[in-house]
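Here's a short tour of one protein chain, written for someone who is new to reading structures. Take a look at the model, then follow along.

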Amino acid sequence: MPNYRIIVDLSDRRLYLLDGDIVRRGFPVGIGRMVSRTPTGDYKIINKQSNPGGPYGAFWMGLSKPTYGIHGTNDPSSIGREVSSGCVRMHNKDVLELSSLVPVGTRVTIRP
């Protein structure tokens, strides 16, 4: 059984899916603006919701830091840029793939 964890690297605007210490996938992400930076630290995925509506695209994965999450977007041009209110944005196809692999409780590390 895989031992998945997620690392979000803000400096290169990528999210990495690791199995143990082996990177299995990398995805481009959009991150928080200067005034609403994506928080660094160690969190867990605490909930998952398909089609959450609004700007959250096809899927939402809530983090243990309240109001923050990893989600899709209805604005694909925002991926790779500093545009969000602090959440981690992914292409809808990427967030759907990721959400199918990682369960609630998956560790998420966000680093500068």
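Two strands count as paired if DSSP finds at least two bridges between them. Strands themselves (E, at least two residues) and helices (H or I, at least four) are DSSP runs, numbered from the N terminus. Keep in mind that this is a predicted model, where local features need pLDDT of at least 70 and side-chain atom pairs count only at pLDDT 80 or more, while totals for chains, interfaces and linings use all residues. Residues are numbered from 1 along each chain as its sequence is written, and side-chain values use heavy atoms, with hydrogens and water left out.

## The overall picture

You'll find 1 helix and 10 strands here. Reading from the N terminus, the order is β-β-β-β-β-β-β-β-β-α-β. The C-alpha trace spans about 35 × 30 × 25 Å along its principal axes.

How does the radius of gyration of the protein compare with that of a compact globule? For 112 residues, such a globule would be near 13 Å, and the protein has 12 Å, which agrees. (The radius is taken over C-alpha atoms, and the globule rule is 2.2 Å times the number of residues to the power 0.38.)

Of the 112 residues, 46% count as buried. Buried means under 20% relative accessible area, exposed means over 50%, and partly exposed is in between, using a 1.4 Å probe and protein chains only. Contacts, meaning heavy atoms within 4.5 Å, tell us about the fold too: among those with a separation of 6 or more, 52% are between residues 24 or more positions apart.

Start with β1 and β2, which run antiparallel and are joined by 6 bridges. They make a hairpin with 4 residues between them, and Arg 13 in that turn has a positive phi of about 50°. Across the pair, Arg 5 stands opposite Leu 18 in β2.

Next, β2 also runs antiparallel to β3 (residues 22–28), again with 6 bridges. Here Leu 18 stands opposite Val 23 in β3. This second hairpin has 2 residues between its strands, and Gly 20 takes a positive phi near 65°. As for cover, 5 of the 6 residues in β2 are buried.

## The nonpolar core

In soluble globular proteins, nonpolar side chains tend to be buried together. A nonpolar core is a set of buried Ala, Val, Leu, Ile, Met, Phe, Trp, Tyr and Cys residues joined through side-chain atoms within 4.5 Å. Which members of the largest core touch the most other members? Out of its 23 residues, they are Ile 6, Leu 15, Ile 70 and Leu 98. The elements giving two or more residues to this core are β1, β2, β5, β6, α1 (92–101) and β10.

Let's zoom in on Leu 15. Setting aside neighbours within four places in sequence, its contacts include Ile 6, Phe 27, Ile 70, Met 90 and Leu 98.

## Salt bridges

A salt bridge is a side-chain nitrogen of Lys or Arg within 4 Å of a carboxyl oxygen of Asp or Glu. The whole structure has 6 of them, including these:

| Asp 9 | Arg 111 | 3.2 Å |

Asp 9 and Arg 111 form a salt bridge that links distant parts of the chain: Asp 9 is in β1 (residues 4–9) and Arg 111 is in β10 (residues 107–111), 102 residues apart. Asp 9 is buried at 10% relative accessible area, whereas Arg 111 is partly exposed at 37%.

Glu 82 is partly exposed at 35%, and Arg 13 is partly exposed at 26%. In the remaining table row, Arg 24 is partly exposed as well, at 47%.

## Two loop residues to look up

Asn 51 has a positive phi of about 50° although it isn't a glycine. You can find Asn 51 in the loop between β5 (41–50) and β6 (59–63), where it counts as exposed at 59% relative accessibility.

Thr 67, another non-glycine, has a positive phi near 75°. Thr 67 lies in the loop between β6 and β7 (69–71) and is exposed, at 69% relative accessibility.
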